[in-house]
Amino acid sequence: MKVLQFIGTKDKADFSLYFANVLSLLGKRVLIVDATTNQIYRNGYALLSENETIGDIQNVEILTRAKDWSEVEYELNKVGLKPENFDCIIIDLDSIQAVTASWPIVHDHYYLSDADRVHITMDIHLLNRLFDEYETTTIKRIHFESAFTLSEDYLDLLMNGRPQWHGFSQSVEYDDFEERLRLQMQHEQIIPLKQLSKSMRTTIESIVSEEFEIALSEIYKVTNKSFFGQFIKPKKIKAVEDSKIENEINSFSKKTKEITES
């Protein structure tokens, strides 16, 4: 079981779901723990009743209302599961309370940032507390570019150079369709992996390859499969259905002709 933390006040739910979806296509069982202040996954993505805390989207399981690891274990136990049942657990954090909560050993911390000044301002406090809590300043960063260009070292200057961006740290190019895909995911309960920008897909595939030591060629095989391909019916079934449709059309045309002639 590998535990990853996705940190930052930016909404990270869509990225987390894309990331988890790639892992699920590779045969990994993934759990996303919604430790966000506003319960973004519960309120925006998972279809849950008031009494439910665990849901899923396209084989990606989501656990909500968990403030620390003991609550994660408790909620999983209620449905006969354990953390060890998952190959990867992603914890989405966006507050100091969540950062300072009790969690298991984290394999990697990822800071997801953007150019929104509100997020930057709050993230400074969040990252400083994270570094204090884990006695490190080493973290991986994924920066989402916007229509407004911001200096890459802007955050470093505000934090007096404290962060040490380690290993996989890169920018994701601005995508005009990002919001549309996010809303599609929320309302249609599908993860539109095939429609992602090249920059986003490359970023996700690279992280998966690095974290789980999977060759990129193997990842490409599953990420390039069409999601809608699973809905394509076998030729025999399709032929039968086409024949039925054709008979119905002919029958309708015959009845219409009889009515017209009479």
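Contact here means heavy atoms within 4.5 Å, and helices (H or I, at least four residues) and strands (E, at least two) are DSSP runs numbered from the N terminus. The structure is a predicted model, in which local features need pLDDT of at least 70 and side-chain atom pairs count only at pLDDT 80 or more, while totals for chains, interfaces and linings use all residues. Residues are numbered from 1 along each chain as its sequence is written, and side-chain values use heavy atoms, with hydrogens and water left out.

**Helix packing**

Helix α1 (residues 13–25) packs on helix α7 (residues 178–188) at an angle of about 70°, their axes being 10 Å apart. That makes α1 roughly perpendicular to α7, a class that covers 65 to 115 degrees, with angles under 35 counted as roughly parallel, over 145 as roughly antiparallel and the rest as oblique. Asp 14, Leu 17 and Tyr 18 of α1 meet Glu 178, Leu 181, Arg 182 and Met 185 of α7.

**Aromatic pairs**

The structure holds 6 aromatic pairs, where rings of Phe, Tyr and Trp (its six-membered ring) pair if their centres lie within 6.5 Å, and planes under 30 degrees apart count as stacked, over 60 as edge-to-face and the rest as tilted.

Phe 6 in strand β1 (residues 2–7) and Tyr 110 in strand β6 (residues 108–113) are 104 residues apart. Both Phe 6 and Tyr 110 are buried, as are both Phe 15 and Phe 144, where buried means under 20% relative accessible area, exposed over 50% and partly exposed in between (1.4 Å probe, protein chains only). Together with Phe 19, the residues Phe 6, Phe 15, Tyr 110 and Phe 144 form one aromatic cluster.

**Charges over rings**

A charge sits over a ring if NZ of Lys or CZ of Arg is within 6 Å of the ring centre and within 35 degrees of the ring normal. Lys 2 lies over the face of Phe 212, at 5.3 Å from the ring centre, and the charged end of Arg 141 sits over the ring of Trp 165, 4.9 Å from its centre.

**Ala 66**

Ala 66 is placed in the loop between β4 (60–63) and α3 (69–78), and counts as buried at 2% relative accessibility. Its contacts, not counting residues up to four places away in sequence, are Val 33, Asp 34, Ala 35, Glu 71, Val 72 and Trp 103.

Note on methods:
Axes are lines fitted to C-alpha atoms, for helices over the stretch in contact, and angles run from 0 to 180 degrees between N-to-C directions.
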